[in-house]
Structures are given as C-alpha cells and as structure tokens.
Amino acid sequence: FIEEVSDSKRRAYVTLCKILSEVEKFARAGVQCQLIYKKILGLLQENGYENKMPHHGGHGIGLTFFEKPVIDLESTDVLELNRIIAVEIGIYIDGFGIRIENVYCVTDEGLENMFNYPLELEHFILTESR
C-alpha cells in the first residue's frame, strides 16, 4: 500500500490474516487439501467475500516452485507430515487484490510457520518517510 489504506482494503487485509490463522490450526498431516480449500472459501463467505478468491489456496514446495499437494476444490491430495507447503489466500474486489502467502511445515498439530515475518498492516504501508 502507498500512503493511505481505505477502510475496505484494511478490512480485507485483516480478514485475510484471520483466515490464515484459522487455516494454520485446521490444516495438519492427514487432512485432505480439498477440505482446506473449502474451509478457506467458507471463512471468506462468512466475512462477506464470497466468490472473491479466483485461485487455488496453496501448493507444495520442493524442487520446483509449484508442486503437489495442491489446495483447491479438485484436489485429491492429502497433507503429508513434514511436507513444506505454501498457503496463499486472497481477496479481489473493487479493482484491487490482496494476497497473503506463508510457507509452512506440515505437522500433526497444525502448520508450523517457516518464517514468522510480521503480518501487521503497518509493515506494508509505504510513506515518503520510509
């Protein structure tokens, strides 16, 4: 973001952060990727963003940048223990889009964030003083 962030963009960003947090707890070894995607879509709908994410919800990371498992409605993939995955969720409305992506290690308890960089919106607002 540059300078000001409108209320609608701020709300969308905060919603994505909350959904990402929910997915971190829900997704774990043995969970079907299709169920993870349905969880993401359900949370988007609950927050007023139905049909506002026109892409997959994530994918595996390995020797190439985009591998199985794929998190989408058509996927038959299941998360495997210790697999590295990216979860990427987005909201696209009013001529703009916001996508948040984190990289995780799949555990039995949930997803372990591999980088833990800050997600607070203020870290992503560019001003002249920066």
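Visitor: Hi! In which handedness of crossing does helix 1 pass helix 2?

Guide: Hello! In this predicted model, helix 1 goes past helix 2 in a right-handed crossing.

Visitor: And at what angle do helix 1 and helix 2 pack?

Guide: The angle is about 150° between helix 1 (residues 7–26) and helix 2 (residues 33–46), and their axes are 10 Å apart. That angle makes helix 1 roughly antiparallel to helix 2, because angles over 145 degrees count that way.

Visitor: Which residues make the contact?

Guide: From helix 1 you have L16, I19, E22, V23 and F26, and they meet L35, I36, K39, I40, L43 and L44 of helix 2.

Visitor: Which residues of helix 1 are buried?

Guide: The buried ones are A12, Y13, T15, L16, C17, I19, L20 and V23.

Visitor: What do they pack against?

Guide: The buried residues of helix 1 pack against helix 2, strand 3 (84–93), strand 4 (96–106) and strand 5 (111–113).

Visitor: What span should helix 1 have, at 1.5 Å a residue?

Guide: Its 20 residues should span 28 Å, and the end C-alpha atoms are 28 Å apart, so the two values agree.

Visitor: New topic: where does N116 lie?

Guide: You'll find N116 in the segment after strand 5.

Visitor: Is N116 buried or exposed?

Guide: N116 is exposed, because its relative accessible area is 57% and the cut-off for exposed is over 50%.

Visitor: What separates the C-alpha atoms of N116 and G60?

Guide: A distance of 18 Å, with the two residues 56 apart along the chain.

How values were computed:
Residues are numbered from 1 along each chain as its sequence is written. This is a predicted model: local features need pLDDT of at least 70, side-chain atom pairs count only at pLDDT 80 or more; totals for chains, interfaces and linings use all residues. Side-chain values use heavy atoms; hydrogens and water are left out. Axes are lines fitted to C-alpha atoms, for helices over the stretch in contact, and angles run from 0 to 180 degrees between N-to-C directions. Helices (H or I, at least four residues) and strands (E, at least two) are DSSP runs, numbered from the N terminus. Angles under 35 degrees count as roughly parallel, over 145 as roughly antiparallel, 65 to 115 as roughly perpendicular and the rest as oblique. A crossing is left-handed if the near helix is turned anticlockwise from the far one by less than a right angle, and right-handed if clockwise. Contact means heavy atoms within 4.5 Å. The expected span of a helix is 1.5 Å times one less than its number of residues. Buried means under 20% relative accessible area, exposed over 50%, partly exposed in between (1.4 Å probe, protein chains only).
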